[in-house]
Amino acid sequence: VLFVGNSYTYVNDMPGILAGIIDSARCDTVALPEVEIMVVTRPGFTLEQHWNENREQIEDSLKKAHSGRATVFMVLQEQSQGALTPASRAHMKEYATLFADLGRKYHAEIILYQTWGRRITFDRYGEPRRTIPQYMYQEVVQGDTTVLDESITSASKGICRTSRQLADELDARVAPCGEAFAEAIRQGIFV
């Protein structure tokens, strides 16, 4: 399993959680193959940044995994706000498609790691407190901010809808983390 993403992947140690789930499923009656988990993550990175800066490392990981003749899963996680504006959706689609094509070259199954919404807050000078991709800056900060609903739940719905649509287009699977997060908020687990 190759994870490509940012802090939404590594802060809560999603690769470690997956390894723990696999290990806990092992027992005398269930024979599970060994699973190697590889991670290429950088803080706040978009898929575009990974493509431009880490493509060689990612392709090397795919080659290594494929050479063992095992099933390869490539989990792609876009920057958390990467599905909220038309420009960011276009970037997400472009680079997810490039990665899906690269992954399939090594017979990888593609999984889109669905993120969830968060508020973009602004400092007293009107600048975003959280880093957002440059291609979103004009739309979000300098232009029409109505595309970003301040509600985390509404933002999550947009992200979830976009990831599902893109997964259909790419014939990929979805890890519905954003949907699970939205449901936890709905049930009052997270406030």
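Is Asp171 buried or exposed? With a relative accessible area of 67%, Asp171 is exposed (exposed is over 50%, buried is under 20% and partly exposed is in between, using a 1.4 Å probe and protein chains only). This residue sits in the loop between α6 (152-170) and β5 (173-175), and Asp171 has a positive phi of about 55° even though it is not a glycine.

A quick word on the ground rules: this is a predicted model, in which local features need pLDDT of at least 70, side-chain atom pairs count only at pLDDT 80 or more, and totals for chains, interfaces and linings use all residues. Residues are numbered from 1 along each chain as its sequence is written, and side-chain values use heavy atoms, with hydrogens and water left out.

Zooming out, the protein chain comes to 7 helices and 5 strands; these are DSSP runs numbered from the N terminus, with helices (H or I) of at least four residues and strands (E) of at least two. Along the sequence, the pattern reads β-α-α-β-α-β-α-β-α-α-β-α. Of the 191 residues, 44% count as buried. Taking contacts (heavy atoms within 4.5 Å) with a separation of 6 or more, 72% come from residues 24 or more positions apart.

Now for a pair of helices. Helix α3 (residues 47-67) and helix α4 (residues 86-105) pack at an angle of about 10°, and their axes are 11 Å apart. The axes are lines fitted to C-alpha atoms, for helices over the stretch in contact, with angles from 0 to 180 degrees between N-to-C directions. That angle makes α3 roughly parallel to α4 (under 35 degrees is roughly parallel, over 145 roughly antiparallel, 65 to 115 roughly perpendicular and the rest oblique). Residues of α3 including Trp51, Ile58 and Leu62 meet residues of α4, among them Met92, Tyr95 and Phe99.

Helix α4 also has a buried side. Its buried residues are Ser88, Met92, Tyr95, Ala96, Phe99, Ala100, Leu102 and Gly103. They cover an arc of only 160° around the axis, which puts them on the same side of α4; the arc is that of the directions from the helix axis to the C-beta atoms. In general, an α-helix has 3.6 residues a turn, so residues three or four places apart point the same way.

After α4 comes His107, with a positive phi near 60°. Like Asp171, which is not a glycine, His107 is not a glycine either. His107 lies in the loop between α4 and β4 (108-113) and, at 58% relative accessibility, counts as exposed.
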